[in-house]
Amino acid sequence: MSQNIVELTNITKKWGIFTALDNISLNVRKGEILTLLGPSGCGKSTLMRIAAGFESASSGEVTIGGRNMTAVPPEKRPVNMVFQRYALFPHLDVFDNVAFGLRLKGIAKSAVTEQVNAMLNLVQLQDFSNRWIGEISGGQAQRVALARALVNRPSVLLLDEPLAALDLKIRHHMLEELKRIHTETGTTFIYVTHDQDEAMILSDRVVLMNKGTIEQIGTPDEMYGAPKTLFCAKFFGETNLLDGRVQDADGSGAVLSLPVGAATVGTRGLRSGSAVHVSIRPEAINISAATGTSESSNEAVGKVEDVMFIGSRVVYKVRHAEGTLLKCQEPRAAAGIRFGVGSPVSLKWDPASVVVLAS
Ligand code: ATP
């Protein structure tokens with residue numbers, strides 16, 4: 001049997017002449033947390049709504065649990081959805097909100113009580129079952145929404161920006177909670193967000209979307225450490241993006257000419273003379289005191305222009321003699337910040353940390 005619980009094949013969605021999704025194919029593995037990530041308007045919610053059945057595709061196929069669900073209405077699909085605004089019933093208490101779907105199905109009273117209590121325990125709201133929705137916090141309301149979606153034991157739980165309405169601190173706590181609940185239930189999660197930190201913390205795999213297409217799919221580590229495109233490198237965290245040219249290339253790698261000097265890379269298949277974009281993460285650059293102005297390969301010499309102290313990390317902005325600004329980052333040393341503004345410094349990087357990007 002296929003390990004894919006959801007298969008979206010050649011999905012296109014058009015509204016008039018506007019193409020919101022352009023021939024997207026994507027498989028979701030059983031039991032994983034897969035995140036659809038991308039800027040506003042890239043089509044994340046539309047793709048999720050097509051998987052749920054709230055929206056129909058202009059063309060393409062939706063398979064869930066090995067069955068073609070393309071024309072099946074949402075209530076007949078083995079999925080459930082949690083929305084950003086929770087969509088709870090204000091005239092019911094916490095218990096009745098969670099029980100609603102089970103009662104609709106005509107499940108016996110004692111079984112409803114047992115299953116609802118189990119879900120309230122799972123989301124740690126066992127002491128709140130008699131509270132009205134208006135009497136609980138945003139984070140608690142989100143837990144009720146989760147319990148209500150999970151009580152029907154869906155094969156797949158779809159979560160559309162479920163934490164967007166919560167403040168940062170509660171959001172981080174809820175991310176941990178979501179991971180725990182995912183582990184305890186073993187349910188497949190498809191999660192939509194435009195926040196790369198949320199995607200990195202939560203996901204087994206991330207699908208980065210851009211203008212109705214998939215830019216890259218990978219684990220958070222792959223997306224951060226081995227972005228394939230400029231868009232992906234920019235989207236995931238801080239990086240130094242440099243435009244350069246291939247000076248020389250052979251079967252084992254290439255020498256690049258960058259605005260901060262020469263860099264060697266192990267990337268194969270580059271052509272001498274062609275233009276390249278590269279990404280070097282700030283934490284991949286080592287900073288030390290400069291002893292002169294000459295530079296070797298994989299080294300840039302410049303002056304510290306700004307120092308940012310971000311808790312456990314120190315970020316230095318260094319101006320290279322030719323004008324380019326490079327950011328480098330290191331853990332805060334026990335002795336404190338090592339270089340002040342104006343210090344002459346040498347920046348060195350390991351060639352393996354230079355990622356050559358497709359534009
Ligand atoms: P956000 O993060 O802002 O929610 P998103 O990536 O989820 O964005 P979608 O809501 O999927 O984006 O929308 C994708 C594109 O389709 C957008 O340009 C949007 O304006 C358009 N769109 C969505 N729904 C409709 C509709 N009912 N009619 C016409 N265009 C629509």
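View 1. Because 8 of the 9 residues of helix H1 are buried, the helix is largely enclosed by the rest of the structure. A residue is called buried if 20 or more other C-beta atoms lie within 10 Å of its own, exposed if 12 or fewer do, and partly exposed in between, with C-beta atoms placed from the backbone. The buried residues of H1 are Lys44, Ser45, Thr46, Leu47, Met48, Ile50, Ala51 and Ala52. Just after the helix, Gly53 takes a positive phi of about 95°. Helices (H or I, at least four residues) and strands (E, at least two) are DSSP runs, numbered from the N terminus. The model is predicted: local features need pLDDT of at least 70, side-chain atom pairs count only at pLDDT 80 or more, and totals for chains, interfaces and linings use all residues. Residues are numbered from 1 along each chain as its sequence is written.

**View 2. The shell around the ligand.** Which residues are around the ligand? They are Trp15, Ala20, Gly38, Ser40, Gly41, Cys42, Gly43, Lys44, Ser45, Thr46 and His194. A residue is near a molecule or strand if its C-beta atom, placed from the backbone, lies within 6 Å of it. Helix H1 (residues 44–52) gives the largest share of this shell, 3 residues. By class, the shell has 3 nonpolar, 7 polar and 1 charged residues. Here Ala, Val, Leu, Ile, Met, Phe, Trp, Tyr, Cys and Pro count as nonpolar, Asp, Glu, Lys and Arg as charged, and the others, Gly among them, as polar.

**View 3. An open sheet of 4 strands.** The strand order is E2-E1-E4-E5, and the pairing is antiparallel. Strand E2 (18–29) and strand E5 (67–68) stand at the edges with a single partner strand each, so one side of each has no neighbour in the sheet. Two strands pair if DSSP finds at least two bridges between them. Strand E1 (residues 4–15) is joined to E2 by 8 bridges, and the two run antiparallel. In this pair, Trp15 stands opposite Phe18 in E2. H1 packs on the sheet and touches E1, E2 and strand E4 (59–64), its direction making about 120° with that of E1. Such angles run from 0 to 180 degrees between N-to-C directions, and the axes are lines fitted to C-alpha atoms, for helices over the stretch in contact.

**View 4. Strand E9 and its partners.** Strand E3 (residues 33–37) runs parallel to strand E9 (residues 205–210), and 4 bridges join them. Leu37 stands opposite Leu208 in E9. E9 also pairs with strand E10 (residues 213–218), in the antiparallel sense and over 5 bridges. Val206 has Gly218 in E10 as its bridge partner. How many residues lie between E9 and E10 in their hairpin? There are 2 residues between them, and Lys211 in the turn has a positive phi of about 50°.

**View 5. The hairpin of E12 and E13.** Strand E12 (residues 253–258) and strand E13 (residues 261–265) run antiparallel and are joined by 5 bridges. Leu258 stands opposite Gly261 in E13. The hairpin leads from E12 to E13 through 2 residues.

View 6. Val315 lies in strand E17 (residues 313–320). Is Val315 exposed or partly exposed? It counts as partly exposed, because it has 16 C-beta neighbours inside 10 Å. Leaving out residues up to four places away in sequence, Val315 touches Pro282, Met308, Ile310, Lys327 and Gln329. Two residues are in contact if their C-beta atoms, placed from the backbone, lie within 7 Å. Lys109 lies in helix H3 (residues 109–122). With 10 C-beta neighbours inside 10 Å, Lys109 counts as exposed.

**View 7. The two domains.** The protein is divided into domain 1 (4–234) and domain 2 (238–357), with bounds that come from an automatic or database domain assignment. Their C-alpha centres lie 39 Å apart. The contact between them takes 7 residues from domain 1 and 6 residues from domain 2. On the side of domain 1 that touches domain 2 there are 4 nonpolar, 1 polar and 2 charged residues. The protein as a whole has 8 helices and 20 strands, and 36% of its 359 residues count as buried.
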